[in-house]
Amino acid sequence: MSRIPATSDGLRRILAMAHCELPPRAHEQLWQFHQLLRESKLKVAAVVANRVNPDFQKGARLTRADTRAAADKLDVPKLPGLPPLGERLWQTLRDMQVLAGLDREVLKVLARRCEGTPVLAVPRFDHDIHDLTGLNEVGQQLRTAQPVAP
């Protein structure tokens, strides 16, 4: 069952934004467009945030020591001139966690500003969406997405 409610005429209307990493001005424009639709008495079923960075740690603390220890167990060649694999992995994961945290904050702001309209997040995929199979993946995400809490 879809989490996007049907309107009284049976149609589902969605307001979509390109992705969470848009500059603040674009978020402002999205909110203004949302307001315009509501003032025009048009039903907005959901705000969809696309390409949301995943939180791989699920809120758990990321430690340099644990990441290094895990990488040390891998049988990979050392690359001259680069830091050890564990250090590079830790830096990458730390950066990804920062991006996920920023996206979480953007979604909370959108949820507060678009009060009364669910804000749904579609994660960043590891590939481009350019065909029906990809659109089906996005649809699956939307069918199971929980609205973001403000």
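These legends describe close-up views of a predicted model.

**View 1**
The protein has 150 residues, and 30% of them count as buried. It contains 4 helices and 3 strands. Read along the sequence, these elements follow the pattern β-α-β-α-α-β-α.

**View 2. Confidence across the prediction.**
The average pLDDT of the protein is 81. A score of at least 70 is reached by 85% of the residues. Confidence is lowest in strand β1, residues 14–17, where the mean is 54. Confidence is highest in helix α2, residues 64–72, where the mean is 91.

**View 3. Helix α1 against helix α3.**
Helix α1 covers residues 24–39, and helix α3 covers residues 85–113. Two packed helices are described by the angle between their axes and the distance between the axes. Here the axes come within 11 Å. They cross at roughly 25 degrees. Angles under 35 degrees count as roughly parallel, so α1 and α3 are roughly parallel to each other. The crossing of α1 past α3 is right-handed.

**View 4. The residues where α1 and α3 meet.**
From α1 come H27, E28, L30, W31 and Q35. From α3 come V106, L110 and R113. The residues of this contact divide into 4 nonpolar, 2 polar and 2 charged.

**View 5. T67 in helix α2.**
T67 is placed in helix α2, the element with the highest confidence in the protein. Is T67 buried or exposed? Its relative accessibility is 9%, and buried means under 20%, so T67 counts as buried. Leaving aside residues up to four places away in sequence, T67 touches L62, G86, L89, W90 and L93.

**View 6. R51 in strand β2.**
R51 lies in strand β2, which spans residues 46–52. What is the phi of R51 near? The angle is near 60 degrees, a positive value in a residue other than glycine. R51 has a relative accessible area of 38%.

Note on methods: Residues numbered from 1 in each chain as written. Predicted model: local features only at pLDDT ≥ 70, side-chain atom pairs only at ≥ 80, totals over all residues. Heavy atoms only, no water. Axes fitted to C-alpha atoms, helices over the stretch in contact; angles between N-to-C directions. Helix = DSSP H or I, 4+ residues; strand = E, 2+ residues; numbered from the N terminus. Parallel < 35°, antiparallel > 145°, perpendicular 65-115°, else oblique. Left-handed = near helix turned anticlockwise from the far one by under 90°. Contact = heavy atoms within 4.5 Å. Nonpolar A, V, L, I, M, F, W, Y, C, P; charged D, E, K, R; others polar. pLDDT = per-residue confidence, 0-100. Buried < 20%, exposed > 50% of the residue type's maximum accessible area, 1.4 Å probe, protein only.
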